[in-house]
Amino acid sequence: MAEEREEVTIAYRESGEWVFQVVDGQALVRDLGMVVVGDSIHLTYNDLGEGALTYARGEVGGNNWDVSILDESSPIIGTGISMNTDGDGGIHLSYVDVANNFLKYAYRNPDGSWSFTSVTQADDFDISQTYLAVDSTSSPVIVGGDGLLTSIFLFEPSADTFSSE
């Protein structure tokens, strides 16, 4: 039996009342990450129905959402999502490509362009969840671990790639 797709909806309080906004009318969401930069809301989610990591951007109080596919390199991509922002307004994202066994990192420049990096082959590590922090120099630090966090690995940028500690 195929799972039904549903709406991706966000809620926020305005003048003491809850306001609901539909972000994506047809999605089958597993994992979701969200950050707010100024009045912009940024979401990434694993859409199992599309087999893609999806990105959505909208304004607080606005009714329009820009929804696009970020990564569709495998049918199970975008699990273990973690998002953070830096002081320049950039967005950092870590996630797992389950089908190809990669821990991945993406960065959205303040101008809106994205860059992508494969951090490590996840076969080398048991990574099902990621946690991403950004230091004072806007450099990302990714902690990956298994679901129970019995194994934890730290990845920091090194030249054009990441290294593990």
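Biologist: Which residue stands opposite His92 in β8?

Modeller: Asn84 stands opposite His92. This is a predicted model, in which local features need pLDDT of at least 70, side-chain atom pairs count only at pLDDT 80 or more, and totals for chains, interfaces and linings use all residues. Residues are numbered from 1 along each chain as its sequence is written, and side-chain values use heavy atoms, with hydrogens and water left out.

Biologist: What makes β7 and β8 paired strands?

Modeller: A strand is a DSSP run of E with at least two residues, numbered from the N terminus. Two strands pair if DSSP finds at least two bridges between them. Six bridges join β7 to β8 (residues 91-97), so the two count as paired, and they run antiparallel.

Biologist: Why is one side of β7 and of β10 left without a neighbour in the sheet?

Modeller: The open sheet has four strands in the order β7-β8-β9-β10, with antiparallel pairing. Because β7 (77-85) and β10 (114-121) each have a single partner strand, they stand at the edges.

Biologist: Why is Leu32 called partly exposed?

Modeller: Buried means under 20% relative accessible area and exposed means over 50%, with partly exposed in between (1.4 Å probe, protein chains only). Leu32 has 43% relative accessibility, so it counts as partly exposed. Leu32 is found in strand β3 (residues 29-37).

Biologist: How confident is the predictor in this protein?

Modeller: The predictor's confidence in each residue is its pLDDT, from 0 to 100. The protein averages a pLDDT of 83, and 85% of the residues score at least 70. Mean confidence is lowest in strand β14 (residues 161-164), at 60, and highest in strand β6 (residues 65-71), at 93.
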